[in-house]
Amino acid sequence: MFNNLKEDIRNIMSLDPAARSFLEVLLLYPSVHAIIFHSVAHKLYKKKFFFVARFLSQTSRFFTGIEIHPGAQIGRRFFIDHGMGVVIGETAEIGDDVIIYHGVTLGGTGKDSGKRHPTLGNKVLVGAGAKILGPITLGDNVKVGANTVVLKNVPSNSTIVGTSGRIILKNPLSKN
C-alpha cells in the first residue's frame with residue numbers, strides 16, 4: 001500500500017504544476033486521502049464487511065468531497081484533480097493513469113442491474129463536470145470534454161465532447 005501511495009504522489013507531482021512538495025501532496029490533496037480511504041474500504045468490501053466499508057467511504061466523502069463506492073475497482077496512478085463533487089459508482093472500473101477533474105460522475109442510469117457503472121480504460125482523461133453513465137466502456141487514451149454526457153461506448157484513441165440530450169416527450173397541453 002505504501003509503495004502505491006508513493007507512486008500516486010509522484011504521479012500527482014509530475015502532473016500538477018501547483019504541487020510543490022511530496023509532503024504538501026500527502027497532507028493537502030483530497031485525491032490522495034480519498035484513494036487511501038478507498039484502498040482500505042475496498043479491501044473490507046471484498047471481504048464482505050459491507051457496512052464498515054460503506055462507513056469508511058462516507059467518512060471519506062465528508063472530509064474530501066469525493067465519493068468512491070468501496071466496490072469500485074481503481075487502477076494505479078489514479079488522479080482526481082480538485083475532486084469536489086466526484087462520484088464513482090459501485091461497479092465502476094478505472095484503468096491505470098486515469099485523470100478526472102471535479103464534478104465528474106461515473107454513475108448508473110437507474111435501469112440496469114449487475115454491472116451498472118462505466119469502465120474506463122488506461123490513460124483516460126475526463127474533464128470537469130462530465131457525466132459518464134451506465135455500463136459502458138471508454139477505451140484507452142480517451143479524452144472526455146468538460147460537461148460532456150456520455151451514454152455510449154467510446155473507442156480507444158478518441159475525444160468526445162458535447163451532450164446527447166434530446167426531447168423525448170413534448171407536453172401536448174403546452175401552448176408553445
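Mentor: Start inside: Ala34, Phe37, His38, Ala41, Ser57, Ser60 and Ile68 line the largest cavity. A cavity here is a set of points on a 1 Å grid, over the protein atoms alone, where a 1.4 Å probe fits but cannot get out, and lining residues have an atom within 4 Å of a point.

Trainee: Before we go on, what kind of model is this?
Mentor: It is a predicted model: local features need pLDDT of at least 70, side-chain atom pairs count only at pLDDT 80 or more, and totals for chains, interfaces and linings use all residues. Residues are numbered from 1 along each chain as its sequence is written, and side-chain values use heavy atoms, with hydrogens and water left out.

Trainee: Okay. How much space lies in the largest cavity?
Mentor: About 30 Å³. The volume is the space filled by probe spheres set on the grid points, which are joined across faces, edges and corners. The structure holds 1 cavity of 30 Å³ or more.

Trainee: Which helix gives the most to the lining of the largest cavity?
Mentor: H3, with 4 residues. Helix H3 (30-46) and helix H4 (50-64) each supply at least two residues of that lining. Helices (H or I, at least four residues) and strands (E, at least two) are DSSP runs, numbered from the N terminus.

Trainee: And how does the lining of that cavity divide by class?
Mentor: Into 4 nonpolar, 3 polar and no charged residues. Ala, Val, Leu, Ile, Met, Phe, Trp, Tyr, Cys and Pro count as nonpolar, Asp, Glu, Lys and Arg as charged, and the others, Gly among them, as polar.

Trainee: What about the second largest pocket?
Mentor: About 190 Å³ of space lies there. Of its 12 lining residues, Val149, Val150, Leu151, Lys152 and Ser164 are the closest to the centre. The classes are 5 nonpolar, 5 polar and 2 charged.

Trainee: Switching topic: in what order do the strands of the open sheet run?
Mentor: S2-S5-S8-S11, 4 strands with parallel pairing. Two strands pair if DSSP finds at least two bridges between them. The edge strands are S2 (73-74) and S11 (137-138), and each pairs on one side only.

Trainee: How many bridges join S2 to S5?
Mentor: There are 2, and S5 covers residues 93-94. Ile74 stands opposite Ile94 in S5.

Trainee: Where does Pro118 lie?
Mentor: In the loop between strand S7 (105-107) and strand S8 (119-120).

Trainee: Is Pro118 buried or exposed?
Mentor: Buried, because its relative accessibility is 0%. Buried means under 20% relative accessible area, exposed over 50%, partly exposed in between (1.4 Å probe, protein chains only).

Trainee: What is Pro118 in contact with?
Mentor: Leaving aside neighbours within four places in sequence, its contacts include Thr91, Ala92, Glu93, Leu106 and Ile136. Contact means heavy atoms within 4.5 Å. The C-alpha atoms of Pro118 and Leu106 are separated by 6.1 Å, though the two residues are 12 apart along the chain.

Trainee: And Thr119?
Mentor: Thr119 is in strand S8. At 18% relative accessibility, Thr119 counts as buried. Beyond neighbours within four places in sequence, Thr119 is in contact with Glu93, Ile136, Thr137 and Leu138.

Trainee: Last one: how many aromatic pairs are found?
Mentor: A search of the whole structure finds 2. The rings of Tyr45 and Phe50 have centres 5.0 Å apart and planes at 70 degrees, so that pair is edge-to-face. Rings of Phe, Tyr and Trp (its six-membered ring) pair if their centres lie within 6.5 Å; planes under 30 degrees apart count as stacked, over 60 as edge-to-face and the rest as tilted. Tyr45 is buried at 19%, and Phe50 is partly exposed at 40%.

Trainee: Which residues form the other pair?
Mentor: Phe62 and Phe63, edge-to-face, at 5.1 Å centre to centre with 85 degrees between the planes. Phe62 is exposed at 68% relative accessibility, and Phe63 is exposed at 61%.

Notes. 1 Å grid on protein atoms, 1.4 Å probe; cavity = no way out; pocket = protein on both sides within 12 Å on 5 of 7 lines; lining within 4 Å.
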